[in-house]
Amino acid sequence: MSSLVTAQGMSKRYGDVRAVDNVSFEIEKGKIMGLIGPNGAGKTTLLKAVLGLTDCEGQLSVLGLDPFRQRKQLMQNICFIADVAVLPRWIRVHQLLDFVAQTHPNFSRERAEEQLSRTKIKPNAKVKELSKGMVTQLHLSIIMAIDARLLILDEPTLGLDIIFRKEFYSHLLNDYFDGERTILITTHQVEEIENLLTDIMFINDGRILLDSSMEDIPSQFVEVMTSGENAEAARRLGPIYERDVFGKKVMVFENADREQLDALGETHTPSVADLFVAKVKGAAA
Amino acid sequence: MMNPIMHQLALVKRELWEHKSIYVAPAAVAVVSVLVILTGYVFVKGYEGAVELGITAGQNVLGEAERRAALMGFLVGNTAIYYFAAAILTIFYCLDALYAERKNKSILFWRSLPITDAETVISKLLTALIAIPVVTWVVVIAAHLVTLLFVSLFVEIEGGSAFFMIWKSAPIFDVWAANLVAMLSLPIWYSPLIGWFLFVSAWTKRSPLLVGFLPLVVVPLLEYFILRTTFVRDAIQSRFDQMPLISGDKVIRIFDNHDFGNVSESFSLFDLISVPQFLASPAMWAGVIVCALFCTAAIYVRRYRDDS
C-alpha cells in the first residue's frame with residue numbers, strides 16, 4: 001500500500017456550513033504535500049479529520065486506520081505540530097522529554113537531546129521562558145525524535161521571523177525527510193515552501209481546486225505576459241485568470257497549447273502563489 | 001504496546017508537575033500549623049510555674065491511657081485542617097483539570113500523543129482520588145514528626161522526659177494508619193461530586209467554578225418548585241450525613257460512657273472506622289456509579305468536542 005492517506009467523498013459540516021465539502025484525495029508515501037488555502041477554506045478541518053480530532057462523513061483512511069476511531073494507534077505513527085502555542089507553558093523541557101518518552105513508543109530521547117543540544121534551550125527551562133522561535137525548535141526537536149510515518153504541520157512557522165522559518169524548513173528537509181516519511185504541510189507563506197514540496201493541493205470553500213504533483217505543474221499551467229492585440233488573441237484562448245502588471249496583461253492558462261501561447265508573448269510557469277490566486281479567483285469568477 | 005500502568009504513572013506525574021498546589025498547599029498548612037504551635041510555646045513560657053507543674057503532672061499523675069488519649073487528641077486536632085485543605089484543593093483541581101488544557105490550547109499537544117481521552121480523564125480522576133490524599137498524608141506525617149520533635153525538645157528543656165511523656169505514649173502509627181484510610185475513603189465517598197466537577201471542567205466554556213456549584217443549588221430548588229419532590233436535595237444532603245466508614249456504634253459506646261478516664265490503653269482510632277462496613281455500603285457504591293457516569297461523559301465530551 002503506497003497511499004498513506006485516502007479520502008473518498010469526505011465532508012465535515014458545522015451547522016449549515018460545509019467546512020469540507022465532498023473531497024477525495026490521496027497522499028502517497030514519501031511525498032511532501034502542501035495544502036494551500038485561504039483562511040476558513042477548510043484546511044484545518046481537513047487536517048483535524050486526518051488526525052482523528054474530529055469525526056467526518058464519507059470515507060477517510062490514514063495509514064490504513066480510521067483516524068477518529070483508532071486515534072491512539074494512529075498517533076503512534078503520526079506527528080503533529082499545530083502552531084507554536086500548543087506546548088503547555090508550565091512544563092519544563094526535561095519534563096516534556098520524560099513525558100513523551102514514557103507515553104510514545106517510537107520516541108528516541110537521545111535523539112531529542114542531541115537535537116536540543118544544538119540550540120540554546122536549557123533542559124531545566126520552562127516553556128513559558130522560551131521565545132516563540134525556541135518553542136518551535138523544542139517542538140520540532142521532539143517531533144524529529146519520533147519515528148513517525150506521517151508528519152502533519154499546520155502553519156508551523158506562524159509568527160516566527162524569517163531566520164527561524166528558513167532554519168525550520170532546512171532542518172526539516174535535511175534531518176527529517178528521508179523519502180520514507182511523508183509530510184503534509186499547510187502554510188500561508190507559500191513561496192517559502194514551494195521548493196521543498198513534491199505535491200500540492202489547493203483548497204477553497206471546502207473544495208479541492210487543484211491536486212497535482214509539482215512536476216506536472218509546468219505541463220499543466222502556463223503564464224503569458226502580453227499586451228495589445230496579442231492580449232485580445234490570448235484572451236480568446238480562455239485564460240483561467242488575468243491580471244495587470246505595469247500596463248501589460250498577465251494571463252494564466254490551464255492545459256493550453258504552449259506553442260500557441262509562445263507566439264503571443266513571454267511565457268513561463270506560474271509560481272505557486274500566482275497559480276493559487278489564479279485558481280481561487282478564477283473559480284470565483 | 002506500552003504498559004497502561006506506565007502510562008497512568010506518567011500521566012499522574014504530569015498532573016503533579018502542572019498542579020504544584022497539590023503539594024504546596026498541604027506543605028503551607030504544615031508550615032503554618034508548626035509555626036502556630038511554636039508561638040504557643042513561646043507564649044506558655046511566660047507561665048513557668050504552671051508549665052513545670054503540668055509536666056510533673058503529665059509524667060507522674062496521668063496514666064499511660066490518659067497520656068495516650070491526650071496525645072491522640074492533639075494529633076487528631078492537628079490533622080483536621082489538612083482535610084479541609086485537601087477538600088478545597090480537590091474541588092479546584094477537578095474544576096481546572098480538563099478546563100485549563102482547553103483554555104491554553106495545550107490539549108492539541110496532548111492529543112497529538114498516543115494517549116486516549118479515557119486514559120487522560122482517568123489519570124485526572126486518579127489524581128483526585130489517590131494522589132492528593134497520599135501527598136496530603138505524607139505531609140501530615142512529616143508535620144506530626146516535626147511538631148512532636150519540637151514538643152519533645154520543650155519537655156526536655158523543662159526537665160521532663162520526652163521519651164516517657166511523648167514517644168512512649170503517642171499512638172502515632174494508629175493515628176497515621178487511621179488517617180490514611182480516612183483520607184483515601186473520603187474522596188471515594190464524595191466521588192459523585194468529583195465526577196461532576198471533572199465533567200464540568202471538560203464541558204463548560206467558561207467559569208467552571210460557577211457552573212460547578214450553581215446547579216448544586218438550583219437543581220434541587222427547581223425540582224422542588226416544579227415537581228414538589230426533593231430527590232436531588234436528599235441525594236446531595238445524604239452525602240454530608242455520616243459517612244459509612246465511621247463505625248457508629250463504637251463511637252456511641254465511647255461517648256455514652258462519659259468516662260474518658262477509663263479509656264483502655266488499647267483504645268485505637270482505627271477502632272472507630274470500619275473498612276468492611278464502608279465497602280459494603282450501597283450508598284458508597286451508588287456514588288461510585290454516579291462518578292463513573294460523569295467521567296464517561298467527560299471522556300465523551302473531550303473526544304467529540306470540536307472547539308473550532
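Me: I keep looking at one turn in chain A. Which strands form a hairpin there, and how many residues lie between them?

Reply: Good place to start. β11(A) and β12(A) make the hairpin, with two residues between them. Within the turn, A:Phe246 has a positive phi of about 50°. Keep in mind that this is a predicted model.

Me: How should I read the pairing of those two strands?

Reply: In general, strands of a sheet pair through backbone hydrogen bonds, and the pairing is either parallel or antiparallel. Here, β11 (residues 241-245) of chain A pairs with β12(A) in the antiparallel sense, over five bridges.

Me: Which strand pairs with β12(A) over six bridges?

Reply: That is β10 (residues 221-226) of chain A, again antiparallel. There you can find A:Met225 standing opposite A:Val250 of β12(A).

Me: Why is β12(A) described as largely enclosed by the rest of the structure?

Reply: Burial is judged by counting neighbours: a residue is buried if 20 or more other C-beta atoms lie within 10 Å of its own. Strand β12 (residues 248-254) of chain A has seven residues and five of them are buried, so the strand is largely enclosed. For the chain as a whole, 46% of the 285 residues of chain A count as buried.

Me: What is the strand order in the sheet that holds β12(A)?

Reply: Four strands form an open sheet in the order β11-β12-β10-β13 of chain A, with antiparallel pairing. Its edge strands are β11 and β13 (266-268) of chain A, each pairing on one side only. On average, neighbouring strands of this sheet are turned by 20° against each other, ignoring direction. Three bridges join β10(A) to β13(A), and A:Val224 stands opposite A:Thr267 in β13(A).

Me: Which helix packs on that sheet?

Reply: Helix α9 (residues 228-236) of chain A does, touching β10 and β12 of chain A. The direction of this helix makes about 155° with that of β10(A).

Me: Now, which strands make up the open sheet of three in chain A?

Reply: Read the order as β2-β1-β4, with antiparallel pairing. The edges are β2 (17-28) and β4 (57-62) of chain A. Neighbouring strands here are turned by 15° on average, direction ignored. Strand β1 (residues 3-14) of chain A joins β2(A) over eight bridges, and A:Lys12 has A:Val20 as its bridge partner in β2(A).

Me: Let's turn to where the chains meet. How many residues of chain A are in contact with chain B?

Reply: There are 22 from chain A, in contact with 20 of chain B. On the chain A side, α2 (71-75) and α3 (93-103) each supply at least two residues. The largest share, five residues, comes from α3(A). By class, this side has 13 nonpolar, seven polar and two charged residues.

Me: How do I read a helix such as α15 of chain B?

Reply: The general idea is that an α-helix has 3.6 residues a turn, so residues three or four places apart point the same way. Helix α15 (residues 282-304) of chain B has 23 residues and reaches 33 Å from its first C-alpha to its last, close to the 33 Å expected. Buried residues in α15(B) include B:Gly287, B:Cys291, B:Phe294, B:Ala298 and B:Arg302. The buried residues of α15(B) pack against α7 (117-157), α9 (172-189) and α10 (191-203) of chain B.

Notes: Residues are numbered from 1 along each chain as its sequence is written. Chains are lettered from A and ligands numbered from 1 in the order in which they are written. This is a predicted model: local features need pLDDT of at least 70, side-chain atom pairs count only at pLDDT 80 or more; totals for chains, interfaces and linings use all residues. A residue is buried if 20 or more other C-beta atoms lie within 10 Å of its own, exposed if 12 or fewer, and partly exposed in between; C-beta atoms are placed from the backbone. Two residues are in contact if their C-beta atoms, placed from the backbone, lie within 7 Å. Ala, Val, Leu, Ile, Met, Phe, Trp, Tyr, Cys and Pro count as nonpolar, Asp, Glu, Lys and Arg as charged, and the others, Gly among them, as polar. Two strands pair if DSSP finds at least two bridges between them. The expected span of a helix is 1.5 Å times one less than its number of residues. Axes are lines fitted to C-alpha atoms, for helices over the stretch in contact, and angles run from 0 to 180 degrees between N-to-C directions.
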